[in-house]
Amino acid sequence: MIRIDNVSVSLSGTSILEDINLELPRGGITALIGPNGAGKSTLLSAIARLLPLTAGSITLDTLEVAHAPSSELARRMAIMPQDNVVAGRLRVKELVQFGRFPHHRGRAGPEDHNAVREALQLFDLESIEERFIDTLSGGQRQRARAAMCYSQGTDYLLLDEPLNNLDIFYARELMRTLRRVADHAGRTIIIVLHDLNHASAHADRIVAMREGKIVADGPTQSVITPNILKSVFGYEIDVKTIAGKPISLHFL
Amino acid sequence: MLLVQLRFWLYFSAVHSAMRNVNLILLASLALVSIVLFLSVNLRGNLQFVLELRVVKLVALVQVAVAVAISTIVFQTITTNRILTPSIMGMDALFVLIQTVLVFFLGGLGFAALNSTYKSLAEVILMSALACGLFLPILRHTTAMTLMLLGGIVLGVLFRSLSSLISRLIDPNDFAVVQSVSYADFNTIESNFLPPFLILTLVALLVCWKLRHVLDVFLLGRETAIGLGVNWELYAVGLLALIGALVAASTALVGPVTFLGLLVVALAERIVGTQRHSQMFIGACLVSITLLVGGQTLLSHVFYNAVPLGILIEFVGGIAFLYLLFSRMRA
């Protein structure tokens, strides 16, 4: 479980997160949604210790994120940051292998090779595993980065807008892969999503944010409602139930 | 004892596995040939005396070569770019400024009378502290190339103008002392500074070799490195301090050479064909040794010192810098 207690974050004087209290239970997929500038990515980065907290504390199971050794945390949670450019010439396989670094600190063993192989298979990368990252399409790169995150083998996976640059086929494919990872491998996935309907279709829980505050937090069905969406995005969004999922007609 | 042996064997096997790259073996032979030629060509007169002189010079050149190569690689890794080097960011201008300030306060004689061990120790500490103090804030805010480049150029100009301001205030004799430390000179090496800096460079080399895997992770950028459990801030401070010390170690012996590091690392990267630090450290050190030792041999025995090595390296290195800058702009 991830516990967020009275967390505030300000960056160069501007308050981004204000007094956030939140509990993210173990298991399943939790989606963070909200308009641009709501603080979703900042919250995710704060959980992943990429940003210092101005106030409050975040605990991951029993570890306090601000004080626990970084190498210990890296064996419990993996973060895929928002689209960062990978410097240098690396092959897909090499990038995924880096996910095992927290476990071997340099000298990969057989279990590391197996984990890399499994990640390459799961994210459908085996046919391009020898390609250089800088020759990939945006979507292939996102999949490679997600595979690296998965190969870290942690209980918690934090992904910041992994659907960026993915076409509808691979966006759905990635969400379904994450679903399998959550269901069969028992991992806890926290994901920042822009597309409401991907959240509706694949997430178990939704945390809706606006202007650095949590507006709603609960099971998908109870958060994706016209009332809550209006208070999050500021306009009327019709919600229809299609195939058992609350689909928002936000483009109308 | 057994543990030490085991350790040594592990290091050796890691070096050995990195050497499987054929190009590295070629580079090693080139470096070896340069060293043999440097020691043997035109050997005349009192053999013991001449050889002793040459060996000291050789050790100094190799030490400078190694210090420049590893400080450049580490700097480029923590800033995640392949164009900026400590010298381009004005670090050796900073070293020259420190020397000039010393001359200003102590006078030329006082400067020359300083104990070389204490002086070098103080320089290393000061350079490490200043490297952290000046570059950590920049690094924490941005690793954007353009801003770093701008920051580096501004700092470099600042240090150089301060140096020239101070050298205008001192008397001509002291100015001559300042001048001898402000220009690259591979012929007259300040060999009394050799022992402390040699030890420093050896220690730095071992530390960097031990950290080669962590440095590989650093190349993925700050956020990913933290996500993989690397204490980024701690390592960045330590490595910047190390870079400061290495810049002191190379600049003290031969003076500032702005583009040597850039040239060496760019060449090495193309030759070894990977950015893995295990191979890059070996490759860049070998290229650097070949360039300095081989270049010095060639220039002094074939061209009779028609062109100083420092100027030649700046010329070729400057062109390489422009080439890298332009090819990156197009990409």
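I began with E6(A) and strand E7 (residues 156–160) of chain A, which pair in the parallel sense over four bridges. Pairing here needs at least two bridges found by DSSP. Strands (E, at least two residues) and helices (H or I, at least four) are DSSP runs, numbered from the N terminus. In this pair, A:Met80 stands opposite A:Leu159 of E7(A).

The model is predicted: local features need pLDDT of at least 70, side-chain atom pairs count only at pLDDT 80 or more, and totals for chains, interfaces and linings use all residues. Residues are numbered from 1 along each chain as its sequence is written, chains are lettered from A and ligands numbered from 1 in written order, and side-chain values use heavy atoms, leaving out hydrogens and water.

Next I traced the whole sheet. It is open, with six strands in the order E6-E7-E8-E3-E9-E10 (chain A), and its pairing is mixed. Strand E6 (77–80) and strand E10 (213–219) of chain A are the edges, each pairing on one side only.

I then checked what covers E6 and E7. Helix H6 (residues 138–151) of chain A lies across both, at about 170° to E6(A). Contact means heavy atoms within 4.5 Å. Axes are lines fitted to C-alpha atoms, for helices over the stretch in contact, and angles run from 0 to 180 degrees between N-to-C directions.

Last, chain B. Helix H4 (residues 91–112) and helix H11 (residues 232–254) of chain B pack at about 65°, axes 9 Å apart. B:Phe95 is among the H4(B) residues that meet H11(B), where B:Val247 is one of the partners.
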